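Trainee: I have a structure open and would like to learn how to read it. Could you take me through it one feature at a time?

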Amino acid sequence: MTSPSSEPASPPAMSTSKITFSHRIPKTEVLSINPSDIKFELSADPSVHPYEDPTFTTSPSSQTGKAILLAADRLRSSDVPVAFPTETVYGLGADATRDEPVRNIFTIKGRPADNPLIVHIGSVKQARELLRPRNAAPTDQFEIPAIYKPLIDKFWPGPLTILLPLPQNSKLSPYVYCTQTTVGVRMPAHPVALALALASNVPIAAPSANKSGLPSPTTAKHVAVDLYKRVELILDGGGCEVGLESTVVDGLSNPPAILRPGGVSLEQIRECEGWEGVVVHREDGGGNSGGGANGAASGAAPRAPGMKYKHYSPTCGVRLYLPNTDQPIVEVLKSTAFGSDSRVVRLGVLRTRQWKELDDSQVEWLRERNVELVEDSLGTSGEEISRKLFGALRRMDDEGVVVVHIEGIEEDMEGLAVMNRLKKAASVVIRPRDI
Ligand code: TXA
Ligand code: MG
């Protein structure tokens, strides 16, 4: 067996400036897809992963079948990326082996050029192919590093991205991995994303399909708002089940690390063999990443380049209250509505586990002072809060809110990823002792 990690690819020289969008597309088409129309045939051989080499079927005359074939064809031949649903968030996909469509992803999103993309595959076999250098003999075999086996067995397909070593002479466009010597790879669980990877038979480079910096899209409508006339095709497979992005793990470092918390929790990863000592990588080069009571934080600089950028933020101000901080009273809310004495200002409140809905007299008290409230509950379970979070942040902007007050949650299970996103979105973080 050839070991790809012994010959790391040399990183290409890249500028870190933002590319600004320079072309517009006449029309954006949104095609509805019914994920349950897609049927997969998996391997029954217990010695291999069920998704070693799956096949899928849809009725070719159905809207779903036609849309998948059209999108797969665009991925193979067009230079304009295609937006599609995954179980985490919507992705903006392009053939990861071709420079032009991958470069267009950066242009369309306004994404910093040093932020690498995750490659989506539809089978374990496709993942292994990413380890194969261009010039390798067809008979050469390449194996995914053994540290990942328990994770792949348990969490693929699903919201987990693993870093694989890049072979020298990789088939991937260097715009996918930017200055890294690894590539992030994920097998999504959403039937549409899986079917696209299998039908196109190309690895699909796909970041979240939002304008860079905004919350990731969890519906096709969010994508259409951000990327209208910037993409030709959006596949609409309904709302995303998980709602937050995948967990990015690095098993090539020692100890293995979580570079971005996400849909698979630290606790779930820690249960896997070889991952008991996993560290949560800090992201800002200066502070603890918020591994919480359960998460060890390592001491080095951020390693998922994307984590250093401001992210997930609505345009309005975000005031994040850490758990055990009292719910802000109306006078505190009012004090954040700058200038509200002479004009009506909207404030948002997003509740989770402890805060109570304001009663009529409190709402009235604020209204008399020119403050209108946009209130919502994100739910109480970690799963529900994850699923609703990005949509709720986007709603605040849609409703013209100037500042939103958000009740944070404990950083265990789904809470680690939820609070990671909220801390990045926050302009102010309020701790229990601040009140
Ligand atoms: O759930 C997800 O992961 C979604 C869906 C579409 O699959 N994708 C997504 O991609 O969130 P994006 O580009 O928005 O975030 C990818 C993150 C970034 O923080 C990036 O820096 C990191 O993964 N990343 C990608 N490749 C990497 C690499 N080779 N080394 C370190 N970090 C990497
Ligand atoms: Mg993103």
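Mentor: Gladly! Keep in mind that this is a predicted model. Let's begin with one residue, K109, which is found in helix α2, residues 99-109.

Trainee: Is K109 buried or exposed?

Mentor: To decide, look at the relative accessible area: under 20% counts as buried. K109 has a relative accessible area of 4%, so K109 is buried.

Trainee: Which residues does K109 touch, not counting those up to four places away in sequence?

Mentor: For contacts, we ask whether heavy atoms lie within 4.5 Å. Leaving out residues up to four places away in sequence, K109 touches L92, P207, S208, N210, K211 and S212. Take K211 from that list: K109 and K211 are 102 residues apart along the chain, yet their C-alpha atoms are separated by 4.6 Å.

Trainee: What share of the contacts in the whole chain join residues at least 24 apart?

Mentor: Here we count contacts between residues at least 6 apart in sequence, and 72% of these join residues at least 24 apart.

Trainee: And how many helices and strands does the chain have?

Mentor: There are 12 helices and 18 strands. Burial can be read for the chain as well: of its 435 residues, 55% count as buried. The chain exposes about 18,100 Å², and carbon and sulfur atoms supply 49% of that area.

Trainee: Now the ligand. Which residues come nearest to ligand 1?

Mentor: There are 27 residues around ligand 1, and T88, N115, H120, S246 and G306 come nearest. Next, look for polar contacts, meaning pairs of N or O atoms within 3.5 Å. In T88, a polar side-chain atom lies 2.7 Å from an oxygen atom of ligand 1. For N115, a side-chain N or O atom is 2.6 Å from an oxygen atom of the ligand. R186 also has a side-chain N or O atom 3.0 Å from an oxygen atom of ligand 1.

Trainee: Which elements give two or more residues to the shell around ligand 1?

Mentor: They are β6 (118-120), β8 (182-186) and β12 (257-260). The largest share, 4 residues, comes from β8.

Trainee: What classes of residue make up that shell?

Mentor: Sorted by class, the shell has 12 nonpolar, 10 polar and 5 charged residues.

Technical notes
Residues are numbered from 1 along each chain as its sequence is written. Chains are lettered from A and ligands numbered from 1 in the order in which they are written. This is a predicted model: local features need pLDDT of at least 70, side-chain atom pairs count only at pLDDT 80 or more; totals for chains, interfaces and linings use all residues. Side-chain values use heavy atoms; hydrogens and water are left out. A residue is near a molecule or strand if one of its heavy atoms lies within 4 Å of it. A polar contact is a pair of N or O atoms within 3.5 Å; within protein, one must be able to donate a hydrogen and the other to accept it, and residues adjacent in sequence count only if both atoms are side-chain atoms. Ala, Val, Leu, Ile, Met, Phe, Trp, Tyr, Cys and Pro count as nonpolar, Asp, Glu, Lys and Arg as charged, and the others, Gly among them, as polar. Buried means under 20% relative accessible area, exposed over 50%, partly exposed in between (1.4 Å probe, protein chains only). Accessible areas come from the Shrake-Rupley method with a 1.4 Å probe; for residues, only the protein chains shown count as cover.
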